[in-house]
Amino acid sequence: EVLVEGPNPKDPSQACGRIRHNKLVYFDGDGAELKGRLVMVHIDRCNAYSLYGTMREVLPIGSGAEGLGRQREIEYAEAAVAAAA
């Protein structure tokens with residue numbers, strides 16, 4: 001779950017935001033349009049201070065979006081475990 005801050009200053013074709021632990025996440029998307037939204041991002045690789053991923057979905061605006069994000073995290077994790085088995 002990522003809170004989008006806006007476009008990536010070094011690559012405007014990417015959006016950037018932060019996860020709950022304040023780590024930076026970069027992913028393809030319109031950062032200006034997504035600014036302030038919560039999105040689900042699958043993390044593909046990481047560096048010492050940042051993460052890079054693929055956007056899965058934009059969470060709906062309104063109360064309960066954080067709970068929906070946690071539900072999606074669980075669903076994605078369960079699907080990954082099932083695929084690995």
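Predicted model: local features only at pLDDT ≥ 70, side-chain atom pairs only at ≥ 80, totals over all residues.

Reader: Turning to charges, how many salt bridges does the count come to?
Author: The count comes to two salt bridges. In general, side chains of opposite charge can pair when their charged atoms come close. In one of the bridges, the side chains of Arg20 and Glu1 meet at 2.7 Å, N to O. This pair links distant parts of the chain, with Arg20 in the loop between β2 (14-18) and β3 (24-28) and Glu1 in the segment before β1 (2-7), 19 residues apart.

Reader: Is Glu1 buried or exposed?
Author: Glu1 counts as buried because its relative accessible area is 14%, and buried means under 20%. Arg20, on the other hand, is partly exposed, with a relative accessible area of 49%.

Reader: What about the bridge that Glu5 makes, which residue is its partner?
Author: The side chain of Glu5 meets that of Arg18 in a salt bridge, at 2.7 Å from N to O. Here too the pair links distant parts of the chain, since Glu5 belongs to strand β1 and Arg18 to strand β2, 13 residues apart. Glu5 is partly exposed at 38% relative accessibility, and Arg18 is likewise partly exposed, with a relative accessible area of 28%.

Reader: Now the largest pocket: how much space lies in it?
Author: About 290 Å³ of space lies in the largest pocket. Its lining includes Glu1 and Arg20, the two residues whose side chains meet in a salt bridge. Also among the lining residues are His21, Met40, His42, Arg56, Glu73 and Tyr76.

Reader: Which element gives the largest share of that lining?
Author: Strand β4 gives the largest share, four residues. The elements that give two or more residues to the lining are β4 (38-46), β5 (50-58) and α2 (65-84).

Reader: And what is the make-up of the lining by class?
Author: By class, the lining of the largest pocket has six nonpolar, two polar and four charged residues.

Key
Residues numbered from 1 in each chain as written. Heavy atoms only, no water. 1 Å grid on protein atoms, 1.4 Å probe; cavity = no way out; pocket = protein on both sides within 12 Å on 5 of 7 lines; lining within 4 Å. Points joined across faces, edges and corners; volume = space filled by probe spheres on them. Nonpolar A, V, L, I, M, F, W, Y, C, P; charged D, E, K, R; others polar. Salt bridge = Lys/Arg side-chain N within 4 Å of Asp/Glu carboxyl O. Buried < 20%, exposed > 50% of the residue type's maximum accessible area, 1.4 Å probe, protein only.
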